[in-house]
Amino acid sequence: MKIDKPTTASLIGAFSTIPYEILTRVFKLLGHGKYSIYELTSLVITLNRPDTILGFFISVLIGASIAVIFYYAVIKWFGWGNLLLKSVFLSLQSWVLLEGIFMWLVEGCNFVPLRPMGDYYSQFFSVIAFGITMGLLTQKYLKN
C-alpha cells in the first residue's frame, strides 16, 4: 500500500501540537506564562478572548502546514541527515516568524495587553518539544 506522504506529514504536524500544548499548560500552571499555545493562537481570530477549542483548530492548521513545509523543503532538498536538528531549527524559525506576525497583528494594535517575558520562554521551550516530536514522528512514519 502506498502512503500519501504529504497527508502523513500534515497529520504529524497536527499531532505534534499536542505535546506543545501540554508543555505550555504546565508552564502556565507553574506561573511562567499567561497563555497556552491554543489560547494564544485563538487570539489571532478573537483578538481579546482566548478560546482553547478555536486555538486547537488554528494550531492544527499551522502545525500541519509547518510539517508539510518541513517534508518538502527540508527533507526533499537536504536529505534525511540530522532530522531532529532540522525539525527543531525549522520549528524555531517558524515560531519567530509567527510570533512577529502575532505581535504585529494582536499586541501591536493594543487588543491584548503585553504578555510577561515568561510567556515567551515557555513558548520557546515548548516549540522545541514540537520540533522534536515532529522530527521523531517524521523519522518513524515517513523515512522508509
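How many salt bridges does the structure hold?

Author: Happy to take you through it. This is a predicted model, and the structure holds four salt bridges.

Glu-21 forms a salt bridge with Arg-25, and their closest N and O atoms are 2.5 Å apart. Both residues lie in helix H1, four residues apart, or about one turn of the helix. Glu-21 counts as buried because its relative accessibility is 5%, under the 20% cut-off. Arg-25, at 33% relative accessibility, counts as partly exposed.

Now move along to Arg-115. Its side chain meets that of Glu-99 in a salt bridge, with 2.0 Å from N to O. This pair links distant parts of the chain: Arg-115 is in the loop between H4 and H5, Glu-99 is in helix H4, and 16 residues separate them. Both Arg-115 and Glu-99 are buried. Arg-115 also has a salt bridge with Asp-119, at 3.6 Å from N to O, and Asp-119 is buried too. Through shared partners, the salt bridges join Glu-99, Arg-115 and Asp-119 into one network.

Next, the nonpolar surroundings. The largest nonpolar core has 20 residues, and Tyr-20, Phe-70 and Met-134 have the most contacts inside it. Helices H1 (5-29), H2 (37-46), H3 (52-78), H4 (83-107) and H5 each give two or more residues to this core, with the largest share, six residues, coming from H3. A second, separate core of five residues includes Tyr-35, Leu-40, Phe-102 and Val-106.

Leaving aside neighbours within four places in sequence, Phe-70 is in contact with several residues, among them Leu-83, Leu-90, Met-134 and Thr-138. Just after H3, Gly-79 takes a positive phi of about 90°.

To finish, look along helix H5 (residues 117-141), where Thr-133 has its place. At 18% relative accessibility, Thr-133 counts as buried, because the cut-off is 20%. Beyond residues up to four places away in sequence, Thr-133 touches Ser-16 and Pro-19.

Definitions and conventions. Residues numbered from 1 in each chain as written. Predicted model: local features only at pLDDT ≥ 70, side-chain atom pairs only at ≥ 80, totals over all residues. Heavy atoms only, no water. Buried < 20%, exposed > 50% of the residue type's maximum accessible area, 1.4 Å probe, protein only. Contact = heavy atoms within 4.5 Å. Core = buried A, V, L, I, M, F, W, Y, C linked by side-chain atoms within 4.5 Å.
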